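Here are my notes for you to read with the model open beside them. Take the points one at a time and find each spot as you go.

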Amino acid sequence: MVKYVLRRLIQAIPTLFGITVLVYLLMSLAPGGPAKALTFSANTTPQQVARVEAALGLNDPLPIQYLRWLLGDDWMRWDTDGDNIADASFILPLDADGDGVNEAPGTRQGIIRGDFGRSFFYRRPVSEMIGERVAATLELGLSALTFALLIGVPIGIFAAVRKGGAFDNVTRVAAVVTNAIPNFWIGLILILIFGSALGWLPMGGRADNPVAQCLVPNAPADLCHYPYIYERLEYLILPTFVLGMGAVAVWSRFMRASMLEVINQDYMRTAKAKGLSNRNVWFGHGARNAMIPLATFLGPAITGLLSGAAITETIFSWPGLGRFGVQAVTSQDYPVVMAVVIVGAVSTILGFILSDILYAIIDPRIRFD
Amino acid sequence: MATHAQAVVTKLDVQPKEVHVSRSLTQMALRRLRHDYLTLIALSIIIVITALSFAAPLVTNVLGVSPTRTQTDKTFLPPGSPVHIFGTDDLGRDHLARLLYAGQISLKIAFSAAALSLTIGVALGIITGYYGGVIDDMINWLIATLTSVPILFLLLIISSVLRSLSDAPPSDVTLIIALGFIGWTGTTRIVRGETLSLREREYVLSARAVGASSWRIMFVHMLPNLISVIIITLAIDIGSLILVEAALSFLGLGVMPPTPSWGNMLSNSQTFFNKGVWLVIFPGLLIFITVLLHVRDGRWHPRRLRSDGTQLRETLREKGKGLRKIGLHLVLSPRPPIGTDCADRFHPGACRCAGCLCPS
């Protein structure tokens, strides 16, 4: 098992490497680039732009820029005597701009050590800003996943045990219909109805004291009782529904297919033959086994809900990672875009590995070697 | 026995030659299509929507409306107003005219991007499936890499790069390129899997025996046998691409106003919730109907797939995976459509798959 996990993790390295190269190349293709973005002012002289470019290392060859972004530059040019002027270097020249004075030592640690650089737009470390938004995305993603599981799995079970019946047909049509509707449109319509016309729910945003705060140990009790919880849940209802709606359709169809495979097994007939009630046979014997394959789906679904929430977050002004990424793309904030993409990709890869492990834990018949 | 058959033939007064008339696969496919009313209806609605969109100049001329003429005195006319059947928008532009012109753009993007991604996907799928080895490994690595990146962000980056490269708002061409070059991974996987099994067939062996080149075997002998997979993929791709285009335009990275597309019409109408509900409802409905119908048509396929319908299921599952990544979901019933396996050329009338329903 440990060996399998290790092997999967090692296999993920070339993929991750490919992702970083791909994303870096794409971003470096964009003309203008960071220097233009940083010096966006009418009275910036070309000399100033050149200085910013040299400071950011934009004159170096592309592979070196990539290495600096990936691994940092504190090992490329460093200071040995403490005067904050580099006096030893590797790969990079000591005096990059040729003015006779050595450059300052490298300070970046590279994304491999969690240093995603600073946002051009907010002038703050990207990793810090991502940290602030992860909680919101997790809160929305997990509540949508819970919603999808609670609704989708029972629908799948009932559709399977009454295969071909009215319920099965209605839910099948509903699943196809749900998936053909653009979810941002549904979001807009729901805001229109519940936010604007009826005024029952907020039209967007996230409460100041989000629900997630009540889940941490030693949560302040006065913040977590009924009226406050309700106030915060209000903000969650519409986004959860919009994000989870598509997932309900997916889970219910998946559960139905899985349940149909289980339903003809011998142990189901045995359970029935020994006189168990339908409910006991379906839920006790059937659903428990049918839910095993759902584990393979769980990892990708979690990451899908996290990274796929960009649209939902944008409609509901939910301050999460997806919306952050979309805003960064429109404002050409490259460090942020790359960080969000890398975080998404890493979580996708980890999600797949996680679901395989989960699968093995739940179903002892699965052996990895 | 023979005399009995002859007697029946004589009795019915039918020439034996006509009794044993055989049908080509295409004829059988068309025959099945004729009896599948749901698919026919879906197909005809798609054709009507597409035709109306591409005939937009004609339609607007006949109605005497324009998608660009602003009328400050006629803003937010509700649907059903004289001349403006679908009402007008915030600038007094005719909503129907804009919907039709938007359909032109949205459908053009979806059709072209689907064709592009299909071409890449099928070619790579056949090549990797046929050759295997290092080529297969490399393409698989590329697919694994591409599918690990959240697709929406990949699209956003590519469209923002393309936008800044051309120093102009993203045109439909840049969007087509971006969508086409990202969307091929699912198709490649499916085609590769199918090619792997086709590679072992006798006709491939006999083609090789008479000295056909690899390219000839791949694209003359194997490609026609992949047509069912290709049709399903194409239909579902078109449906999902309409959704993706809408989502991109909604996020402000698709087609830029004043050029209308269904997505950016939806996006723009957000602001006018209270004044013009129809501005939100109509573009959404059009997207929904078009996607639904394409998906519906994807379920119809002319030739039989693997006997148990697993290919269809795999295709849909793969497609579903791709779509889930961008937060747009699409899942269809895993049940193969009616008659999937009933028209087996060699066992007419035999129904060998568990889930298929044969018309009696």
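1. Let's start in the middle of things. This is a predicted model, and its largest nonpolar core has 146 residues. The residues with the most contacts inside that core are V337(A) and V340(A) from chain A, plus L155(B), I157(B), L241(B), A247(B) and I287(B) from chain B. Which helix gives the most to this core? That's helix 6 of chain B, residues 95-131, which supplies 18 residues. As background, nonpolar side chains tend to be buried together in soluble globular proteins.

2. Now step back and look at the chains. Chain A has 14 helices and 2 strands, while chain B has 16 helices and 0 strands. Of the 369 residues in chain A, 37% are buried; for chain B, with its 360 residues, the figure is 47%.

3. How do the chains fold back on themselves? Take the contacts in chain A between residues at least 6 apart in sequence: 68% of them join residues at least 24 apart. In chain B, residues 24 or more positions apart account for 67% of the contacts with a separation of 6 or more.

4. Next, pick out helix 10 of chain B, residues 184-198. From its first C-alpha to its last, this 15-residue helix reaches 21 Å, close to the 21 Å expected at 1.5 Å a residue. Is helix 10 of chain B largely enclosed or largely open? Since 12 of its 15 residues are buried, helix 10 of chain B is largely enclosed by the rest of the structure. The buried stretch includes W184(B), T185(B), G186(B), T187(B) and T188(B), and also R189(B), R192(B) and E194(B). Further along, T195(B) and L198(B) are buried too.

5. Over in chain A, have a look at a pair of helices. Two packed helices are described by the angle between their axes and the distance between the axes. Helix 9 (residues 266-273) and helix 10 (residues 278-290) of chain A pack at an angle of about 145 degrees, and their axes are 10 Å apart. Their crossing is right-handed. On the helix 9 side of chain A, Y267(A), M268(A), A271(A) and K272(A) make the contact; helix 10 of chain A brings V281(A), H285(A) and G286(A). Sorted by class, that contact has 4 nonpolar, 2 polar and 1 charged residues.

6. How far is N59(A) from Y122(A)? They are 63 residues apart in sequence and 24 Å apart in space, C-alpha to C-alpha.

7. Compare that with N61(B), which is found in helix 5 of chain B, residues 56-63. N61(B) has 12 other C-beta atoms within 10 Å and is exposed. N61(B) and A97(B) are 36 residues apart in sequence, and their C-alpha atoms are 9.6 Å apart in space.

8. Last stop: S317(A), in the loop between helix 12 (310-315) and helix 13 (321-330) of chain A. Its phi is near 45 degrees, a positive value in a residue other than glycine. Buried or partly exposed? S317(A) is partly exposed, with 15 other C-beta atoms within 10 Å.

Key:
Residues numbered from 1 in each chain as written. Chains lettered and ligands numbered in written order. Predicted model: local features only at pLDDT ≥ 70, side-chain atom pairs only at ≥ 80, totals over all residues. Helix = DSSP H or I, 4+ residues; strand = E, 2+ residues; numbered from the N terminus. Expected span 1.5 Å × (residues − 1). Buried ≥ 20, exposed ≤ 12 C-beta atoms within 10 Å, placed from the backbone. Axes fitted to C-alpha atoms, helices over the stretch in contact; angles between N-to-C directions. Left-handed = near helix turned anticlockwise from the far one by under 90°. Contact = placed C-beta atoms within 7 Å. Nonpolar A, V, L, I, M, F, W, Y, C, P; charged D, E, K, R; others polar. Core = buried A, V, L, I, M, F, W, Y, C linked by C-beta atoms within 7 Å.
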